[in-house]
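Thanks for coming. I will take a few minutes on one structure, and you can follow along on the screen.

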There are 2 protein chains.
Amino acid sequence: MLRQDGFDLVLLQEVWSEQDYSDLKGKLRGCYPFSHYFHSGVIGSGLCIFSRFPILDTLLYQYSLNGYPYMLQHGDWFCGKSVGLIVTKISGIIFNVYVTHLHAEYCREKDVYLPHRLVQAWELAQFIRHTLTAADVVLLGGDLNMHPGDVGIRLLRGWTGLRDAFAEAARFEGCEDGCTLIPNNCFTAKTELLPFPQGVRIDYILYKAISSVTVKCEELKTTTGTAPGMDIPFSDHEAVMATLHIQRQGQAVGDNLGTAEPMLVDVVTETRTEVVVGLRAAQRQRYSTGRMAVLALLLLLLQAVAALGALAGLVAGQPFPKLSFSLLAFLAIGVLLLATGLHLFHTMEVKMLQGTEEQMRMALRALQERPSDG
Amino acid sequence: MLRQDGFDLVLLQEVWSEQDYSDLKGKLRGCYPFSHYFHSGVIGSGLCIFSRFPILDTLLYQYSLNGYPYMLQHGDWFCGKSVGLIVTKISGIIFNVYVTHLHAEYCREKDVYLPHRLVQAWELAQFIRHTLTAADVVLLGGDLNMHPGDVGIRLLRGWTGLRDAFAEAARFEGCEDGCTLIPNNCFTAKTELLPFPQGVRIDYILYKAISSVTVKCEELKTTTGTAPGMDIPFSDHEAVMATLHIQRQGQAVGDNLGTAEPMLVDVVTETRTEVVVGLRAAQRQRYSTGRMAVLALLLLLLQAVAALGALAGLVAGQPFPKLSFSLLAFLAIGVLLLATGLHLFHTMEVKMLQGTEEQMRMALRALQERPSDG
């Protein structure tokens, strides 16, 4: 399909195996002579870009929070979730193309990962804001794991001024409401989608014109379940395809960073509240893991005293229970190591959530102080 | 001293304790009403900035490699080494101010951290290149842990076009050759400085004018050992202080990114060679830790078979050595967990070194292909 449709740019997520990337690279070499894989984490970021045009430069930004290493069943932590940037030039117009994949939402009712995903959305927005100025056009594509109305999407769009290709498209073809995770797809978990019979839209193409260029979305398409001529779909998510019309203009268009201020203040405030909720939870976990480590240490000390006592012949009358004693000592050491590791991890989490909260506070102050120069 | 001398900007490193930061903030509030601490890692990045002018925006970029968690005596890994960026506006001129602290060099003869420090220097240069375009002036200050002629400094300066305030200064006052780590300082390890009787210069102020602005370094100073009126110095490194003369110009100056191409090709090639050396070492460690994990697993399986055999009464004649058996099992589990953890860590290290090597290869190709437009 990628070969047939001849796109200019292809942004893929969840290409976990580098062998898969190499295979793709080999097969796509004819249509997409340029490509880049973003390495990160233990497994890899899963992010890669194929391009018909030379890739001039790349940069990877790893999010500071990405779930918990001990949630093995939700392997997000091991993937080192990141945003990848490539710079390319098409007909003299410079494109900053960002590809990303934010932390998954495993349970919408009780979404323990929401603070982490919001930190990621904030860092993504900040990274784009700080790196976009040399570009004429900004494109962001990826699995954002957020519904169109979620606070994280509103923050990202408001803070960067990116526009949603689905909302702007002159023509649309594909799943109803542009959904990309649909119950029809045989790879999706049906139970998760029960509240959303049509599916949800969590994969996006966002864009923005920076300088003397205009961007219009002529057409947006999604795949719809099974691949043509096959029983199974291409992937668990539907692919999103946008046709953008990009034109040079005579005069520079003012760079409007984001939405109108009052609305933006609300969005940042809402996000900050969620981050503070996450911060409180992280502080509680830091405390309880720290307490467990101290208890394990006390148990070990107690055992050491008992062992010394036995050696000194204080309880010489009774046989010393060597086996259960050493099993208990090993257990205590295990708990001590584990609890210390978790304590360090949650200390880091607290610091990052605090840092983000501070940044948001600073942003709010700047928003409220500055005259409405939009 | 910070209060007396009334600087515009103060960039600090190794402020590990947030309490220290809060104390500083309280004491300096009068002269430096604006400040920012960059949170990262378990301990913190140690980086903070005090400013006489409002801080408009901040961004933190964590380096992907930063030593080894098991090198506890060289705690670099726990600090989450990063580069922090603040944006500030002074008399209508926009400044991007970067503060950083790269991985320490513990042994210059056999510097096992060189590949990590070079990855950091590369990421620092890339981060600056991608974020500088909205600014009029770029300032970078910090402990780079590299001597002026080292490949990492040449890469950083060549790839970004940053100029060394020490080399450009019209006047200089302070330690000979601008050294910032000197044997005279009572906090430095004298043995490390034996080959350098005058000391070494590893702390820098670098700068660059981007748009219609010129920057000149009028004066550079360092502290010289003991603080005035005291027996001890301010810190283990001498502070570097620059007076910069910044002037608006009528016309925009062309942005020259970096040094002349042929020299830059040499520097990037040299860095890449060192990164490849690090990659080979990381691959060897990944292999040996993987092998150790497999051996521990085999030992555990062997024990399981023996235990099952004993249960089935195959060796009923002999008493089963419960204590040493369980001790051995715990040892095997410990080795298995440790070796698996290390294996995952070195897998990550290999990926990041590979990724950097690829980026450098791409940069070299771009440098060699493009016509010499400087």
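First, the ground rules. This is a predicted model, where local features need pLDDT of at least 70, side-chain atom pairs count only at pLDDT 80 or more, and totals for chains, interfaces and linings use all residues. Residues are numbered from 1 along each chain as its sequence is written, chains are lettered from A and ligands numbered from 1 in the order in which they are written, and side-chain values use heavy atoms, with hydrogens and water left out.

Start with the record. The unreviewed UniProt entry places "domain: Endonuclease/exonuclease/phosphatase" on residues 2–237 of chain A. UniProt positions are given in the numbering used here, with feature names shortened, and annotations may be inferred rather than shown by experiment. In the model, residues 2–237 of chain A are 22% helix and 28% strand, with end C-alpha atoms 16 Å apart. Helices (H or I, at least four residues) and strands (E, at least two) are DSSP runs, numbered from the N terminus.

The unreviewed entry also annotates "transmembrane region" at residues 293–317 and 323–345 of chain A. Residues 323–345 of chain A come out as 100% helix and 0% strand, and the C-alpha atoms at the ends are 33 Å apart.

Now the domains. Chain A is assigned domain 1 (9–254) and domain 2 (261–369), with bounds from an automatic or database domain assignment. Their C-alpha centres are 35 Å apart. Contact, meaning heavy atoms within 4.5 Å, involves 19 residues of domain 1 of chain A and 20 residues of domain 2 of chain A.

How much area do domain 1 and domain 2 of chain A bury between them? The figure is about 1700 Å², 76% of it on carbon and sulfur atoms. Buried area is the accessible area (1.4 Å probe) that two parts lose on being put together, summed over both. On the side of domain 1 of chain A, Tyr70(A), Trp122(A) and Trp159(A) lose the most area, together 28% of what that side buries.

The rule finds one salt bridge across this domain interface, where a salt bridge is a side-chain nitrogen of Lys or Arg within 4 Å of a carboxyl oxygen of Asp or Glu. Glu270(A) and Arg154(A) form a salt bridge through their side chains, at 3.2 Å from N to O. On the domain 1 side, α4 (114–131) and α5 (151–160) of chain A each supply at least two residues, and α4(A) gives the most, with seven.

Next, the two chains. Here 42 residues of chain B are in contact with 42 residues of chain A. The area buried between chain B and chain A is about 3800 Å², with 64% from carbon and sulfur atoms. Of the area that chain B buries against chain A, His39(B), His130(B) and Lys351(B) supply 17%, more than any other three residues.

How many salt bridges does the rule find across the interface of chain B and chain A? There are four. The side chains of Lys351(A) and Glu18(B) also meet in a salt bridge, at 2.8 Å from N to O. Among the elements giving two or more residues to the chain B side are β2 (34–37) and α8 (322–369) of chain B. The most comes from α8(B), with 15 residues.

That is where I will stop.
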